[in-house]
Amino acid sequence: MRSEQSPQLVRPPVPDTAAATAVAHPNIALVKYWGKRDEQLFLPRTDSLSMTLDIFPTTTRVRLAPRADKDTVTFNGRAATGEALRRIVAFLELVRERAGRAHRAVVDTANTVPTGAGLASSASGFAALAVAAAAAYGLGDDATALSRLARRGSGSASRSLFGGFALWHAGSSTGTAAQADLSSYAEPVPAARLDPALVVAVLDAGPKAVSSRAAMRRTVDTSPLYEPWARSSGDDLRDMVAALRRGDLDAVGEVAERNALGMHATMLAARPAVRYMAPASLTVLDSVLQLRRDGIGAWATMDAGPNVKVLCRRADAGKVAAAVRGAAPGCSVHIAGPGPGARLLAGDGR
Ligand code: 2P0
């Protein structure tokens with residue numbers, strides 16, 4: 001049975017051996033997604049807004065395997081197992097249901113970002129998988145529909161469909177499940193000329209102790225600070241959209257920092273607490289305060305891990321990177337700018 005079919009996603013049949021390769025970049029939220037209202041459909045509690053990066057791309061090839069009786073997934077050259085495999089197979093099931101095809105697939109993914117370390121690997125990963133799988137199974141290439149589809153793999157992946165800044169709509173809570181699903185997707189946000197950089201300090205590239213999925217569930221269920229943060233996040237989103245429109249990087253940074261620290265406060269108040277901040281994270285946060293005291297526009301954001309990302313003007317990125325390196329010797333520092341949306345690569349006989 002097909003369900004929640006979105007009309008733009010149906011295309012003429014593709015050959016049994018169809019293959020497609022897509023590339024997608026991670027995104028870092030400036031107004032965070034933290035909490036679902038529907039875990040099955042990946043419907044978030046709040047709207048969120050991100051910048052897609054021009055570093056750490058994921059490249060994924062999906063090939064139909066008409067004679068195979070199960071999916072095969074390779075991750076940086078190694079067979080995927082456990083939860084990572086389960087999530088990808090569940091996503092392929094959704095694609096198959098929509099395409100009305102039963103063929104299993106061979107999926108080959110190359111990630112250039114440390115996986116599961118709060119560096120948005122699931123965003124680039126599921127955005128690339130959504131674009132490649134949709135093409136291989138003969139679904140359409142409507143970006144809004146692909147954003148909805150990517151959402152079902154990992155919420156933040158809905159935003160990596162788009163380059164630059166993207167707003168993911170939480171969507172409507174009324175109506176049927178199919179209507180709610182249709183209402184939650186990302187779209188590009190207009191921004192006046194900004195020349196932003198995001199300095200990414202990788203303090204620990206290891207996988208996180210608590211998955212973001214489990215952490216956001218615990219936060220929603222137990223943190224007395226969750227509801228106030230979710231409410232204030234609506235104000236942050238409005239202020240962020242206005243700041244982007246007028247090209248006011250200082251305001252973008254201020255809103256991003258307050259929203260991220262507020263999100264971490266909700267987790268610290270969860271029972272038991274979820275704490276992603278490490279001692280080195282605080283040292284880097286201190287260096288960001290010092291940069292501002294020295295007159296350099298720099299604002300920190302953090303996700304589900306100890307790593308710190310510092311928003312600044314592109315012209316200041318070198319100074320910011322040096323300050324971060326000084327604060328956390330031995331960490332690896334990467335300078336990102338706004339990157340492109342997910343796209344199919346030519347080839348694969350398409
Ligand atoms: C974000 N994060 O907006 C937030 C901020 C982490 C902190 O989206 O359960 O991997 O797969 O939808 O997208 C990380 O959560 O979670 C995330 P699922 P996802 O970028």
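Guide: Before we start, a salt bridge here means a side-chain nitrogen of Lys or Arg within 4 Å of a carboxyl oxygen of Asp or Glu. The model is predicted, so local features need pLDDT of at least 70 and side-chain atom pairs count only at pLDDT 80 or more, while totals for chains, interfaces and linings use all residues. Residues are numbered from 1 along each chain as its sequence is written, and side-chain values use heavy atoms, with hydrogens and water left out.

Visitor: OK, how many salt bridges are there between domain 1 and domain 2?

Guide: Three. The domains are 19–191 for domain 1 and 196–336 for domain 2, with bounds taken from an automatic or database domain assignment.

Visitor: Which residue does Lys32 form a salt bridge with?

Guide: Asp303, with the closest N and O atoms 2.5 Å apart. Asp303 also forms a salt bridge with Lys309, at 2.9 Å between the closest N and O atoms. Both Lys309 and Asp303 are buried; buried is under 20% relative accessible area, exposed is over 50%, and partly exposed is in between (1.4 Å probe, protein chains only).

Visitor: And how much area do domain 1 and domain 2 bury between them?

Guide: About 3,300 Å², with 68% of it on carbon and sulfur atoms. That's the accessible area (1.4 Å probe) that two parts lose on being put together, summed over both. On the domain 1 side, Leu30, Lys32 and Trp34 lose the most area to domain 2, together 26% of what that side buries.

Visitor: How many residues are in contact there?

Guide: 35 residues of domain 1 touch 47 of domain 2, where contact is heavy atoms within 4.5 Å.

Visitor: Switching topic. Is helix α3 largely enclosed or open?

Guide: Enclosed: seven of the nine residues of α3 (143–151) are buried, so the rest of the structure largely surrounds this helix. Helices (H or I, at least four residues) and strands (E, at least two) are DSSP runs, numbered from the N terminus. Among the buried residues of α3 are Arg148 and Arg151.

Visitor: What covers the buried residues of α3?

Guide: The cover includes β4 (43–44), α1 (82–99), α2 (121–136), β10, α4 (177–183) and β11 (186–188).

Visitor: Back to charges. How many salt bridges does the count come to?

Guide: 18 by this rule. One of them joins Arg217 and Glu39, with the closest N and O atoms 2.8 Å apart. Arg217 sits in helix α5 (212–222) and Glu39 in the loop between β3 (36–38) and β4, 178 residues apart.

Visitor: Is Arg217 buried, partly exposed or exposed?

Guide: Partly exposed, with a relative accessible area of 36%. Glu39 is partly exposed too, at 39%.

Visitor: What about Glu257, which residue does it form a salt bridge with?

Guide: Arg292, at 2.9 Å between the closest N and O atoms. Glu257 is in helix α7 (249–268) and Arg292 in helix α8 (279–293), so the pair ties together parts 35 residues apart in sequence. Glu257 is buried at 13% relative accessible area, whereas Arg292 is partly exposed at 29%.

Visitor: And which residues are linked in a network of salt bridges?

Guide: Asp235, Asp236, Arg238, Asp239 and Arg258.

Visitor: Last one: where is Thr21?

Guide: In strand β1 (19–24). Thr21 is buried, with a relative accessible area of 13%. Leaving out residues up to four places away in sequence, Thr21 touches several residues, including Thr59, Arg61, Ala132 and Arg343.
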